[in-house]
Structure formats: C-alpha cells, structure tokens
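Hi,

Here is the structure I said I would pass on. Have a look, and my notes follow below.

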Amino acid sequence: MGDRPDEKSDRKGGRDAGWGKKFPKDSAMGFAAHRSFLTYTACIVEVKVEGSQITIPNVYYALDCGTPVNLDRIKSQFEGGAQFATSIALKSEITVKNGQVEQNNFDAYKIIRMPESPKQIHVSIVESQDKPTGVGEPPVPAYTPALCNAIYAATGKRIYKLPVDLGA
C-alpha cells in the first residue's frame with residue numbers, strides 16, 4: 001500500500017474477520033458501527049477473557065471515507081485509534097474527590113502498554129469516488145461498544161461502566 005488512491009488497501013472486512021464463526025469458551029467477537037465526520041465506520045473486536053484479563057487478538061475496521069487520499073495515513077489513523085480506544089475502555093478513568101478532579105496531569109492518567117495492545121488491526125477501506133471525509137476521530141466511537149459487546153458474548157457479563165473492570 002502506498003500513498004496513491006488507486007493502490008489497494010487491506011481488504012479484510014467482516015467476511016474475512018470470520019463473523020459468525022464459533023469461538024472457544026471465553027472468546028468472542030463484538031460489533032458496532034458509527035458515523036462521524038461524514039465517515040461510516042464498522043468495527044469488529046475479537047476478545048479472549050481469562051479471569052479478569054482481557055486479550056484482544058484482532059480488530060477489524062471497515063470504513064467509507066469517500067475518496068481515500070492517502071491509504072497508509074488512513075490505515076495508521078485507524079491503527080492508532082484502536083490503541084487510543086483500548087486505553088479509554090480498559091485503563092483511562094477520571095475520578096473526582098471533594099469536587100475536584102484527582103488526575104491533574106498525564107502522569108496520573110493510565111494508558112495501555114504494548115502487551116495490552118490489540119495484536120493485529122485490520123483496516124478495509126471502501127473504494128469510492130465521493131468527496132474525502134474525516135479519518136482522525138472515526139476509529140474511536142465504534143471501538144468501545146464493539147469491545148464491550150465482545151466481552152458480553154464471551155462472558156455473559158454486560159459492561160455498564162468504564163474503564164472495564166471484570167474483577168468487580
């Protein structure tokens with residue numbers, strides 16, 4: 001993949017994600033979709049849950065962002081968006097005590113580390129001749145609902161609060 005719109009992107013969409021396939025106990029996929037900045041995004045997150053430990057073997061994105069101007073940059077935005085959204089879902093928490101936020105700088109704001117990152121992130125870009133649309137923020141909104149749906153499918157436990165805490 002290069003920077004020219006006529007080059008092919010990673011074509012792993014929902015079909016290649018294996019949506020509907022059977023998973024071993026405590027593993028599953030979850031789905032969510034969202035539209036923001038005129039970009040349509042679908043996200044499938046695969047999880048494996050062992051006790052309170054969540055592993056994310058695969059994330060699959062399919063997106064329609066109009067004419068893809070720079071395929072490598074679009075893919076990297078979605079790869080980074082999956083990392084950021086994983087941090088939000090699993091680690092990031094803003095707490096308030098006596099009316100004040102306790103985290104006063106980034107040193108107190110937790111993010112994921114490499115071992116907690118999704119192992120593989122697949123990005124499928126719909127070919128289009130429409131005007132280009134946004135790709136910076138769109139990977140984030142669909143990710144956490146897809147992750148929580150996958151956790152529910154794997155464990156039967158609904159997630160009502162972030163960050164996700166399966167030990168609670």
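Is Trp-19 buried, partly exposed or exposed? Trp-19 counts as partly exposed, at 49% relative accessibility (buried means under 20% relative accessible area, exposed over 50%, partly exposed in between, with a 1.4 Å probe and protein chains only).

Before the rest, some housekeeping. This is a predicted model, where local features need pLDDT of at least 70 and side-chain atom pairs count only at pLDDT 80 or more, while totals for chains, interfaces and linings use all residues. Residues are numbered from 1 along each chain as its sequence is written, and side-chain values use heavy atoms, with hydrogens and water left out.

On to the aromatics. Searching the whole structure turns up two aromatic pairs (rings of Phe, Tyr and Trp, the last by its six-membered ring, pair if their centres lie within 6.5 Å; planes under 30 degrees apart count as stacked, over 60 as edge-to-face and the rest as tilted). Trp-19 and Phe-31 have ring centres 6.2 Å apart and planes at 65°, so they are edge-to-face. Trp-19 sits in the loop between helix H1 (14-17) and strand S1 (27-36), and Phe-31 is in S1, 12 residues apart (helices, H or I with at least four residues, and strands, E with at least two, are DSSP runs numbered from the N terminus). Phe-31 is also partly exposed, at 41%.

The other pair is Tyr-61 with Phe-78, edge-to-face at 5.0 Å centre to centre and 80° between the planes. Tyr-61 belongs to strand S3 (residues 53-64) and Phe-78 to helix H2 (residues 71-90), so the pair ties together parts 17 residues apart in sequence. Tyr-61 is buried at 1% relative accessibility, and Phe-78 is buried at 0%.

Now the sheet. Four strands make an open sheet in the order S1-S2-S3-S6, with mixed pairing (two strands pair if DSSP finds at least two bridges between them). S1 and strand S6 (120-125) are at the edges with a single partner strand each, so one side of each has no neighbour in the sheet. From one strand to the next, the twist averages 15° (axes are lines fitted to C-alpha atoms, for helices over the stretch in contact, and angles run from 0 to 180 degrees between N-to-C directions). Strand S2 (residues 39-50) and S3 run antiparallel, joined by 10 bridges; Val-45 has Val-59 in S3 as its bridge partner.

Helix H3 (residues 143-155) packs on this sheet and touches S1, S2 and S3 (contact means heavy atoms within 4.5 Å). The direction of H3 makes about 155° with that of S1.

Cheers
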